[in-house]
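The sequence and structure are shown first, and the notes follow by topic.

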Amino acid sequence: MTVRDAARVLAHPEAAEIRLEGVLHALSDPVRLSIVRDLAATDAELACSYFELPVTKSTTTHHFRVLRESGVVRQCYRGTAKLNGLRRTELAELFPGLLDSVLTAAAAEEARDRV
């Protein structure tokens, strides 16, 4: 790893450091929840630029930081792109059923709002 690469490594909480209240806080925001829903729909890592969000770039950066620092997503740089992946396995081990329940509830709410 070069010095430049080391400077671009982002801090993530270890699994043992992930707290339920932090995860719930991260998932409580509609913008962050939409990011998580998109990530949950694929096994691929998605670049920040993939997401079309109704907020400014600086606010988008904030939302991704909250998701990363709470342990919901893992981010890494690949070239100039910052890729995001859902920490599904770790969250399922720590809080069984939580992520799936939240995603199911969000989908049900979306369906209800369309009616």
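Helices (H or I, at least four residues) and strands (E, at least two) are DSSP runs, numbered from the N terminus. Residues are numbered from 1 along each chain as its sequence is written, and side-chain values use heavy atoms, with hydrogens and water left out. Because the model is predicted, local features need pLDDT of at least 70 and side-chain atom pairs count only at pLDDT 80 or more, while totals for chains, interfaces and linings use all residues.

**Overall architecture**

- The protein chain contains six helices and three strands, and their order along the sequence is α-α-α-β-α-β-β-α-α.
- Along the principal axes, the C-alpha atoms of the protein chain fill a box of roughly 50 × 30 × 25 Å.
- Of the 115 residues in the protein chain, 36% count as buried; buried means under 20% relative accessible area, exposed over 50%, and partly exposed in between (1.4 Å probe, protein chains only).
- Among contacts in the protein chain between residues at least 6 apart in sequence, 65% join residues at least 24 apart.

- Two packed helices are described by the angle between their axes and the distance between the axes.
- Axes are lines fitted to C-alpha atoms, for helices over the stretch in contact, and angles run from 0 to 180 degrees between N-to-C directions.
- Helix α2 (residues 20–27) packs on α4 at an angle of about 155°, with the axes 9 Å apart.
- That angle makes α2 roughly antiparallel to α4, given that angles under 35 degrees count as roughly parallel, over 145 as roughly antiparallel, 65 to 115 as roughly perpendicular and the rest as oblique.
- The crossing of α2 and α4 is left-handed; a crossing is left-handed if the near helix is turned anticlockwise from the far one by less than a right angle, and right-handed if clockwise.
- The contact of α2 with α4 comprises four nonpolar, three polar and no charged residues. Here Ala, Val, Leu, Ile, Met, Phe, Trp, Tyr, Cys and Pro count as nonpolar, Asp, Glu, Lys and Arg as charged, and the others, Gly among them, as polar.

**Packing of α3 against α4**

- The axes of helix α3 (residues 30–40) and helix α4 (residues 57–70) come within 10 Å and cross at roughly 65°, which makes α3 roughly perpendicular to α4.
- The crossing of α3 and α4 is right-handed.
- On α3 the contact is made by V31, R32, I35 and V36, and on α4 by H62, H63, F64, V66 and L67.
- Six nonpolar, two polar and one charged residues form the contact of α3 with α4.

**Packing of α3 against α6**

- The axes of α3 and α6 lie 11 Å apart, and the helices pack at an angle of about 110°, which makes α3 roughly perpendicular to α6.
- L33, V36, R37 and A40 of α3 make this contact with L99, V102, L103, A106, A107 and E110 of α6.
- By class, the contact of α3 with α6 has eight nonpolar, no polar and two charged residues.

**Individual residues**

- L53 lies in the loop between β1 (46–47) and α4, and L53 is buried, with a relative accessible area of 18%.
- Residues up to four places away in sequence aside, L53 touches V31, S34, I35, T60 and F64.
- The C-alpha atoms of L53 and F95, 42 residues apart along the chain, are separated by 28 Å.
- T60 lies in helix α4 and counts as buried at 14% relative accessibility.
- With residues up to four places away in sequence not counted, T60 touches L53 and V55.
- D100 is found in helix α6 (residues 98–114) and counts as partly exposed at 46% relative accessibility.
- The C-alpha atoms of D100 and V31, 69 residues apart along the chain, are separated by 18 Å.

Definitions and conventions:
Contact = heavy atoms within 4.5 Å.
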